[in-house]
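Here is a short briefing on an annotated site and on charged side-chain pairs. Please view the model first.

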Amino acid sequence: MRIEYDIKLGFKDVMIRPKRSTLKSRSEVNLEREFKFLHSAATWSGIPIMAANMDTVGTFEMAKVLANKKLFTAIHKHYSLADWNIFTSGLQDAHFDYIAVSTGISQQDSEKLEEILKFNPQLKFICIDVANGYSEYFADFVKNTRMQYPDKVIIAGNVVTGEMVEELLLSGADIVKVGIGPGSVCTTRVKTGVGYPQLSAIIECADAAHGLGGQIISDGGCAIPGDIAKAFGAGADFVMLGGMLAGHDESGGQTIEKDGKTFRQFYGMSSSTAMEKHVGGVAEYRASEGKTVEVPYRGAVESTLQDILGGLRSTCTYVGARRLKELTKRTTFIRVAEQENQVYSK
C-alpha cells in the first residue's frame, strides 16, 4: 500500500482566470479543430464535442442532429445490424466523419462489429468501450482490432492515468477515452472506491497522449457548459457528454408523465436498468454501478447545443483564444472554494 499526497482536482475545484483579449465578439471564435491520428491515415475536422455511447444519449436521432453541426456521436452498441443498415442508407457522405460504432470486447461484440463494418465500410470510427480499461485482455483486444482494421480511427477506454494512455496508444488506439467514475449516473466510486478526479485525469492523460502523438477524450463529469471549457482548457482534445444531452427529443429513454410534467429516463450503462434491458439482469458475480434517474423533458437538443457552444465561445473571449485549439495555452486555472452564487438556485 502507498499514498500519493498531492491533491487531485475536479471541475468544481478550479476556475479559469480571465486574460487580456483582442476579440471583439464571440462570433470571432472558431470552435472547429483539425486532427491527424497516430495510426489511421484519416483526418478529421469539426467541433470536438461528443455524445456518449449510452442508449439514452448516443442514438441515431442524436447523431443526425449533431453531424449537421459537425459534432460527434459515439453511437451505443445495442443497435442491430439491420438498424445500422437502415440508418446509414439515409446518411450524407459527410456525416460519416461524425459517428463511431461502439463495441465491447467479447467474441460476440467482435463478430457484430465485423458485420456492421462489412456492410457499412464507409464508417471510419470504432469506439472500443469498457468501464475498466486496465486489463491486459483489453489492450490485446485493441491491438487485434488495429490489425484487423488498419485504416479505421480507433477510440479506446476508459482509463485515467498516463501510463495506461501510453499503453493503449502503443497497442493501436488513436484516441483514448479518459474518465472513471465522474459521470452523473455512474456509481463506480461509491461501489468500488476507485476513481480519479476528472480535471487532474485530463491534465495527466493529455500530457501522456500528446507526447506520443495521440489524442484523448474527457468522458464524464461535465454538468454545465463551464465544465466543458475547463476540460478543453486542461488539454482534452474531445469532450464527451452524457447527462447534458439526456432528456431531449433525440435522446433515448422511456418518456414518463408525473404530476403533469414530462420526464425522460436516463441511466448508466452499468446500472441494473441497462443490464436488465440488454443482458437479462445483473450477473451474480457483479454489482450495479449506475443510477437510473428521471430527467425533465428538454425538447429538441438544438437549444442545448446553442447554450453549450455559446458558453464555450464566451470562455474563449475571456482568455483571448481566437480558436478552440488555443484555449489550452491561454488557460490558467485558479484553485477556488466557491463557484457560483446560489442564493436563487432551485
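The points below cover the annotated glycines, then the salt bridges.

This is a predicted model: local features need pLDDT of at least 70, side-chain atom pairs count only at pLDDT 80 or more, and totals for chains, interfaces and linings use all residues. Residues are numbered from 1 along each chain as its sequence is written, and side-chain values use heavy atoms, without hydrogens and water.

**Annotated site**
- An unreviewed UniProt entry annotates G181 and G183 as "binding site"; such annotations may be inferred rather than shown by experiment.
- G181 sits in the loop between β9 (175-178) and α6 (188-192) (helices: DSSP H or I runs of at least four residues; strands: E runs of at least two).
- G183 lies in the loop between β9 and α6.
- G181 is buried, at 12% relative accessibility, whereas G183 is partly exposed at 24% (buried is under 20% relative accessible area, exposed over 50%, partly exposed in between; 1.4 Å probe, protein chains only).
- Leaving aside neighbours within four places in sequence, G181 contacts C186, T188 and R189 (heavy atoms within 4.5 Å).
- With the residues up to four places away not counted, G183 touches G220 and G221.

**Salt bridges**
- The structure holds 13 salt bridges (a Lys or Arg side-chain nitrogen within 4 Å of an Asp or Glu carboxyl oxygen).
- K69 and E302 pair at 2.8 Å, N to O. They are 233 residues apart: K69 is in the loop between α1 (60-68) and β5 (72-75), E302 in helix α10 (residues 301-319).
- K258 and E294 pair at 2.7 Å, N to O. This pair links strand β12 (residues 255-258) to strand β14 (residues 292-296).
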